[in-house]
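I opened a notebook page for this protein and recorded each point as I looked it up.

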Amino acid sequence: MEPALSSLIDSAERGERPQAEALFATLYSELHRLASRQLAQNAGVSLGASSLLHEAYLDMSQRAGTTFPDRGRFMAYAARVMRGLIIDHARHRRTRKRGAQFEIMGLDLDQLESAVDSAELERLGAAVEELATVEPALAQIVDLKYFCGFSFLEIAAMLGVTDRTVQRHWAKARIFLHRSIHSTDFV
């Protein structure tokens, strides 16, 4: 990690708000790519990448006590925040469809497909949160690989391990997530 980024992370951890804002600005383009990727994977979400990124920034800036010892953990944290916002948005849309804000309107087939997507998204989010309580390192790899789109080599460099170790952890995480998602009954 470049020294300037490292010093920004250190300053942001000490609670220096201008440095935290500078860190976010430095990583803006990468975070925008991350937001675009998350939205592309969740096609039923009607948020834009910039809106998601700005909502994530507001959410992250209001939380106290979060630490980011390196770029990888910062990006994984940003991915978790964005994933949570997407799940909340999907949940809110599904609640509206079930009558919370009753309106008479025509039937749109795209809405039926996105309702299924939001349920799957909620299951995935819950499974990753469950994995984070059991094996935080595996959940971090899921965030970096699936949600951030980093390669095994990039993740290995961020975490200071071999790419083969990352691949093994990825395989274990996928097994855990598969079992968790398919053993849970959602209504």
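The entries below go from the whole chain to single residues.

**Entry 1: the model and its overall make-up.** I noted at the outset that this is a predicted model. I counted secondary structure elements and found nine helices and zero strands. Read along the sequence, the pattern is therefore α-α-α-α-α-α-α-α-α. I then looked up burial: of the 187 residues, 39% are buried. I also looked at contacts between residues at least 6 apart in sequence, and 63% of these join residues at least 24 apart.

**Entry 2: the largest nonpolar core.** In soluble globular proteins, nonpolar side chains tend to be buried together. I therefore looked up the largest nonpolar core, which has 47 residues in this model. The members that touch the most other members are Leu31, Leu34, Leu52, Met75, Met82, Val142 and Leu144. At least two core residues come from each of α2, α3, α4, α5, α6, α7, α8 and α9. Helix α5, residues 71-100, gives the most, with 12 residues.

**Entry 3: helices α8 and α9.** Two packed helices are described by the angle between their axes and the distance between the axes. I looked up both values for α8 (residues 152-159) and α9 (residues 163-183): the angle is about 105° and the axes are 8 Å apart. Angles of 65 to 115 degrees count as roughly perpendicular, and α8 and α9 are therefore roughly perpendicular to each other. On the α8 side I listed Phe152, Leu153, Ile155 and Ala156, which meet Asp163, Val166, Gln167 and Trp170 in α9. These contact residues divide into six nonpolar, one polar and one charged.

**Entry 4: an aromatic pair.** How many aromatic pairs does the model contain? I found one. Phe152 and Trp170 form this pair, with 6.4 Å from centre to centre and 65° between the planes. The pair is edge-to-face, because planes over 60 degrees apart count as such. Phe152 lies in α8 and Trp170 in α9, and the two are 18 residues apart. Trp170 has 15% relative accessibility and so counts as buried.

**Entry 5: Arg168.** Is Arg168 buried, partly exposed or exposed? Arg168 lies in helix α9, and at 42% relative accessibility this residue counts as partly exposed.

Conventions
Residues numbered from 1 in each chain as written. Predicted model: local features only at pLDDT ≥ 70, side-chain atom pairs only at ≥ 80, totals over all residues. Heavy atoms only, no water. Axes fitted to C-alpha atoms, helices over the stretch in contact; angles between N-to-C directions. Helix = DSSP H or I, 4+ residues; strand = E, 2+ residues; numbered from the N terminus. Parallel < 35°, antiparallel > 145°, perpendicular 65-115°, else oblique. Contact = heavy atoms within 4.5 Å. Nonpolar A, V, L, I, M, F, W, Y, C, P; charged D, E, K, R; others polar. Core = buried A, V, L, I, M, F, W, Y, C linked by side-chain atoms within 4.5 Å. Buried < 20%, exposed > 50% of the residue type's maximum accessible area, 1.4 Å probe, protein only. Phe/Tyr/Trp six-rings, centres within 6.5 Å; stacked < 30°, edge-to-face > 60°.
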